[in-house]
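Hi there,

Here is the structure you asked about, ready to open in your viewer. Have a look at it first, and then read on for my notes.

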Amino acid sequence: MRPNLLILGGTTEARQLCKAVAAAGLQGTVSMAGRVERPAPQELPMRVGGFGGADGLARYLREASITHIVDATHPFAAQMSVNAIEAAALTGVPLIALTRAPWRAQADDHWTHVASIDAAVAALDGPAQRVMLAVGRMHLPAFAANPQHSYVLRLVDAPDGPLGFPDAQVIVDRGPFTVENDRALLQKHDIALVVSKNAGGTGAQAKLIAARDLGLPVLMIDRPAIPQRAEAHSIEAVMHWLDHAGTDLGV
Ligand SMILES: NC(=O)c1ccc[n+]([C@@H]2O[C@H](COP(=O)([O-])OP(=O)(O)OC[C@H]3O[C@@H](n4cnc5c(N)ncnc54)[C@H](OP(=O)(O)O)[C@@H]3O)[C@@H](O)[C@H]2O)c1
């Protein structure tokens with residue numbers, strides 16, 4: 001049986017994996033949640049929108065005759081990852097997650113770790129300061145609890161409604177970002193604190209290196225816990241897994 005992959009996407013790594021899968025002549029579909037207005041073009045057919053929980057995903061896997069699932073979602077997309085684990089268990093379709101190592105503080109970093117978005121909001125309950133809030137559009141409403149700060153936001157899409165805090169400058173950009181530009185950005189806006197999710201990878205790391213260069217503190221939101229599953233850390237490792245997960249790749 002030739003493989004027919006489902007890649008749960010929404011990340012740079014997922015896009016790179018689609019490219020590798022297409023180049024290998026394999027059949028696959030990439031799934032996007034539909035949060036971004038103009039998703040980057042992908043080299044595999046794309047489907048958009050939720051499946052309807054783990055049961056809905058299991059139904060999709062059966063109906064679309066999926067042979068392998070690769071969870072290449074963002075490390076903060078925990079619900080989707082948990083659903084994928086459950087749907088794989090329900091259907092017996094093999095699952096692997098393509099993951100990136102979390103960022104780790106170096107000696108000259110000034111990071112304070114918090115466990116969740118809510119904990120980051122609580123940590124900002126203090127005097128007004130100039131904050132670069134790099135958390136993504138969907139988490140912004142939570143920060144309305146701290147309207148005293150001057151925020152600089154960098155978003156893939158412009159906000160679709162009021163932000164809930166009066167002093168905010170929005171920069172629409174999807175990266176990848178350079179250290180030089182991020183250092184200039186932090187300086188231009190006189191930023192005193194960077195708030196970041198611990199996404200890992202290289203695409204969004206520049207702001208952390210720039211913060212280190214400038215001696216700025218970072219409020220680092222640690223990743224949500226996800227139950228154990230098979231993991232690969234590179235495109236090559238996923239391709240190897242596909243090759244050895246019990247099917248004939250026909251290549
Ligand atoms: N969270 C972040 O910080 C972040 C950052 C960059 C990119 N992204 C990407 O944005 C998407 C949504 O992230 P999230 O944090 O909102 O996810 P989430 O909280 O884990 O997922 C919530 C629900 O959205 C649907 N969903 C999520 N990812 C999907 C996908 N790839 N394909 C189809 N449905 C999906 C599922 O709905 P049903 O239960 O109805 O199936 C899921 O239960 C993901 O593709 C992720 O890779 C997230």
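Below is what I found, taken region by region. Please keep in mind that this is a predicted model.

**The ligand**

There are 23 residues around the ligand, and those that come nearest are Gly 9, Ser 31, Phe 51, Met 80 and Lys 197. Backbone atoms also come up several times here. A polar backbone atom of Gly 52 is 2.9 Å from an oxygen atom of the ligand, and for Ala 77 the distance from a polar backbone atom to a ligand oxygen is 3.1 Å. Ala 78 has a backbone N or O atom 3.4 Å from an oxygen atom of the ligand.

Glu 13 belongs to helix H1, which covers residues 12–23. Is Glu 13 buried or exposed? Its relative accessible area is 19%, so it counts as buried, the cut-off being under 20%. Apart from neighbours within four places in sequence, Glu 13 is in contact with Leu 98, Arg 100 and Ile 235.

Helix H6 runs over residues 206–214, and its buried residues are Ala 206, Lys 207, Leu 208, Ala 210, Ala 211 and Arg 212. What do these buried residues pack against? Their partners are strands S6 (110–114), S7 (130–134), S8 (150–155), S10 (193–197) and S11 (217–221), together with helix H5 (179–188). After H6 comes Gly 215, which has a positive phi, near 70 degrees.

Asp 109 sits in the loop between strand S5 (95–98) and S6. With a relative accessibility of 9%, Asp 109 is buried. A polar atom of its side chain lies 2.8 Å from the backbone nitrogen of Gln 106. Asp 109 and Ile 209 are 100 residues apart in sequence, yet their C-alpha atoms are 8.6 Å apart in space.

Happy to go through any of this with you at the screen.

Best wishes

Notes. Residues numbered from 1 in each chain as written. Predicted model: local features only at pLDDT ≥ 70, side-chain atom pairs only at ≥ 80, totals over all residues. Heavy atoms only, no water. Buried < 20%, exposed > 50% of the residue type's maximum accessible area, 1.4 Å probe, protein only. Helix = DSSP H or I, 4+ residues; strand = E, 2+ residues; numbered from the N terminus. Contact = heavy atoms within 4.5 Å. Near = heavy atom within 4 Å. Polar contact = N/O pair within 3.5 Å; in protein donor to acceptor, adjacent residues only side chain to side chain.
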